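Here is a short report for a first look at this structure. Keep the sequence and the 3D view open while reading.

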Amino acid sequence: MLIDRNSPLPLYSQLKTILLEEIKSGALGPGDAVPPEIVLCKRYGLSRFTVRRALEELVREGVIERQQGKGTFVSKRTLNRAKTQQSSAVNPDLFVGVVIPDFTDWFSASIFSGIERTIRNHGGILVCGESHADVDEEHSIISRMVDAGVTGLILFLVDRRDPSLHMEGLEGIKKPVVLVDRYFPELELDFVGSDNFIGAYQATRYLIEQGHRKIRYLAVHALGVS
């Protein structure tokens, strides 16, 4: 199997699938050493971060195990889990598309990690896209996901200030849509975000309780937070 860079499936997830297939086929047997990260990077043209994430997921799932000072090996105790990984029950009603502006941003990456883990635990399938903070690219990704048959969308939109920028990409979508860290009263969409007002209130109250009286609030209006 090869890495498909045109696939909406994340690169780390593709590498994870490749390694699972090698274990399932017997190419990598119980106790066999998994190729080092640098070897996998060169073999598949991936970054160290991508390779490490794929391996960390397999370690967390008990498919492979790290041995201090020796390397990473296929687990002898939980090999059957790897063999059945691909054939485990899949929920066809949970085929979710996720669009995020920038996967290199720690905040976006941590949100995506939580989404991916939750959907996987519920037997769902996830496709993702990175808009690179470009509205036109965002529209294009959403359109491709809808054409691919996703049953729902989770969108971390590029701009949080002007809902009209996103109307073209959201109008006509007859599927559940949840916005992340974006709230537009004009759009009747579910959203998950922070309550910035309550957060500021609690922080200020804490400072007052500590005896502080001269408190200054600095904000960047361009952020357009709710």
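## A buried salt bridge

Lys-16 counts as buried, at 7% relative accessibility. Buried means under 20% relative accessible area, exposed over 50%, and partly exposed in between, with a 1.4 Å probe and protein chains only. The side chain of Lys-16 meets that of Glu-57 in a salt bridge (3.0 Å, N to O). A salt bridge here is a side-chain nitrogen of Lys or Arg within 4 Å of a carboxyl oxygen of Asp or Glu. This pair links distant parts of the chain: Lys-16 sits in helix α1, Glu-57 in helix α3, 41 residues apart. Glu-57 is buried too, with a relative accessible area of 3%.

The model is predicted; local features need pLDDT of at least 70, side-chain atom pairs count only at pLDDT 80 or more, and totals for chains, interfaces and linings use all residues. Residues are numbered from 1 along each chain as its sequence is written, and side-chain values use heavy atoms, leaving out hydrogens and water.

## More salt bridges

A search of the whole structure finds 10 salt bridges. Lys-16 and Glu-57 belong to a network of them, together with Arg-60, Glu-61, Glu-116 and Arg-120.

Arg-52 and Glu-37 form another salt bridge through their side chains (3.0 Å, N to O). Arg-52 lies in helix α3 and Glu-37 in helix α2, 15 residues apart. Arg-52 is partly exposed, with a relative accessible area of 34%. Glu-37 counts as buried, at 14% relative accessibility. Asp-181 and Arg-182 also meet in a salt bridge (3.2 Å, N to O). Arg-182 is buried, at 6% relative accessibility.

## The whole chain

The chain has eight helices and seven strands. These are DSSP runs numbered from the N terminus: helices are H or I with at least four residues, strands E with at least two. Of the 226 residues, 38% are buried.

Contact means heavy atoms within 4.5 Å. Among contacts with a separation of 6 or more, 60% join residues 24 or more positions apart. The chain exposes about 13800 Å², and carbon and sulfur atoms supply 53% of that area. Accessible areas come from the Shrake-Rupley method with a 1.4 Å probe; for residues, only the protein chains shown count as cover.

In soluble globular proteins, nonpolar side chains tend to be buried together. The largest nonpolar core here has 32 residues. Such a core is a set of buried Ala, Val, Leu, Ile, Met, Phe, Trp, Tyr and Cys residues joined through side-chain atoms within 4.5 Å. Leu-15, Tyr-44 and Phe-112 are among those with the most contacts inside the largest core. Helix α1 gives the largest share, six residues.

Leu-15 touches Ile-3, Tyr-44, Leu-46, Val-51 and Ala-54, not counting residues up to four places away in sequence. A second, separate core of 16 residues includes Met-145, Val-150, Ile-173 and Val-177.

Thr-50 is found in helix α3. Thr-50 is buried, with a relative accessible area of 13%. Leaving aside neighbours within four places in sequence, Thr-50 is in contact with Leu-11 and Tyr-12.

Where is Ile-215 found? Ile-215 is in the segment after α8 (196–209). Ile-215 is partly exposed, with a relative accessible area of 36%.
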